[in-house]
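This report covers salt bridges and pockets. The sequence and the structure come first.

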Amino acid sequence: MSSKRYDISMLVNGRSYAASVSARTSLVDYLRDELRLTGTHVGCEHGICGACSVMLDGEPVRSCLMYAVQASGHAITTVEGLAQPDGSMSVLQDSFCETHGLQCGYCTPGMLIAAQGLLDRTPQPSEEEIRDAIGGNLCRCTGYQQIVAAVRLASERMARGER
Ligand code: FES
Ligand code: FES
């Protein structure tokens with residue numbers, strides 16, 4: 001196996017990082033193991049569950065399916081980056097708490113990223129659009145109803161000007 005390493009740099013949650021990684025280092029491993037951003041979870045590791053979702057230039061992607069070198073030069077947002085600047089929860093995160101949109105929490109970072117991606121492009125989504133946006137993220141606990149309710153509540157609160 002080649003031991004060659006590649007220099008990468010990327011913005012993660014608004015902060016600039018540079019590193020040298022092997023070609024086969026996945027983005028999720030880089031975020032979790034090198035940057036210690038362990039809010040992004042690893043589930044299936046082959047693109048099915050969505051637990052590893054992060055934003056790449058504002059679009060949700062599976063970080064288990066990307067190599068860190070592919071993310072070089074891009075802006076990444078992880079679940080840690082969704083919080084308010086003072087560390088308190090965003091409206092979306094708070095809405096998940098309000099509606100009991102999580103139980104074990106394993107899927108939650110990926111759900112939040114998928115939902116944030118939807119609300120960024122469609123601030124007032126229909127129920128169908130919410131279900132479609134989270135449709136690639138698996139949850140073994142909630143039955144999805146409370147998650148849909150959380151995204152709806154967040155969109156209502158944002159429409160009232162909450163940030
Ligand atoms: S861990 Fe990436 S999609 Fe499941
Ligand atoms: S809350 Fe447990 S997997 Fe979704």
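E162 has a relative accessible area of 28%, so this residue counts as partly exposed. The model is a predicted one. E162 forms a salt bridge with R160, their closest N and O atoms being 3.8 Å apart. R160 counts as exposed, at 59% relative accessibility. A network of salt bridges links these residues with others: D94, R157, R160 and E162 belong to it.

In the whole structure, a search finds five salt bridges. Among them are the pairs in this table.

| Salt bridge | N to O distance |
|---|---|
| R131 and E127 | 3.0 Å |
| R152 and E127 | 2.7 Å |
| R160 and E162 | 3.8 Å |

E127 is partly exposed, with a relative accessible area of 36%. Its partner R152 lies in helix α6 while E127 lies in helix α5, so the pair ties together parts that are 25 residues apart in sequence. R152 is partly exposed at 32% relative accessibility. R131 and E127 both belong to helix α5 (residues 127–133), where four residues, about one turn of the helix, separate them. R131 is partly exposed too, at 34% relative accessibility.

The largest pocket holds about 250 Å³ of space. It is lined by 13 residues, and S90, V91, Q116, M158 and R163 are the closest to its centre. Helices α4 (108–121) and α6 (145–159) each supply at least two residues of this lining, and α4 gives the largest share, three residues. The lining has seven nonpolar, three polar and three charged residues.

About 190 Å³ of space lies in the second largest pocket. Of its 15 lining residues, Y106, C107, L138, C139 and R140 lie nearest the centre. By class, nine are nonpolar, five polar and one charged.

Technical notes: Residues are numbered from 1 along each chain as its sequence is written. Chains are lettered from A and ligands numbered from 1 in the order in which they are written. This is a predicted model: local features need pLDDT of at least 70, side-chain atom pairs count only at pLDDT 80 or more; totals for chains, interfaces and linings use all residues. Side-chain values use heavy atoms; hydrogens and water are left out. On a 1 Å grid over the protein atoms alone, a cavity is a set of points where a 1.4 Å probe fits but cannot get out, and a pocket is an open set with protein on both sides within 12 Å along at least five of seven lines; lining residues have an atom within 4 Å of a point. Grid points are joined across faces, edges and corners, and a volume is the space filled by probe spheres set on the points. Ala, Val, Leu, Ile, Met, Phe, Trp, Tyr, Cys and Pro count as nonpolar, Asp, Glu, Lys and Arg as charged, and the others, Gly among them, as polar. A salt bridge is a side-chain nitrogen of Lys or Arg within 4 Å of a carboxyl oxygen of Asp or Glu. Buried means under 20% relative accessible area, exposed over 50%, partly exposed in between (1.4 Å probe, protein chains only).
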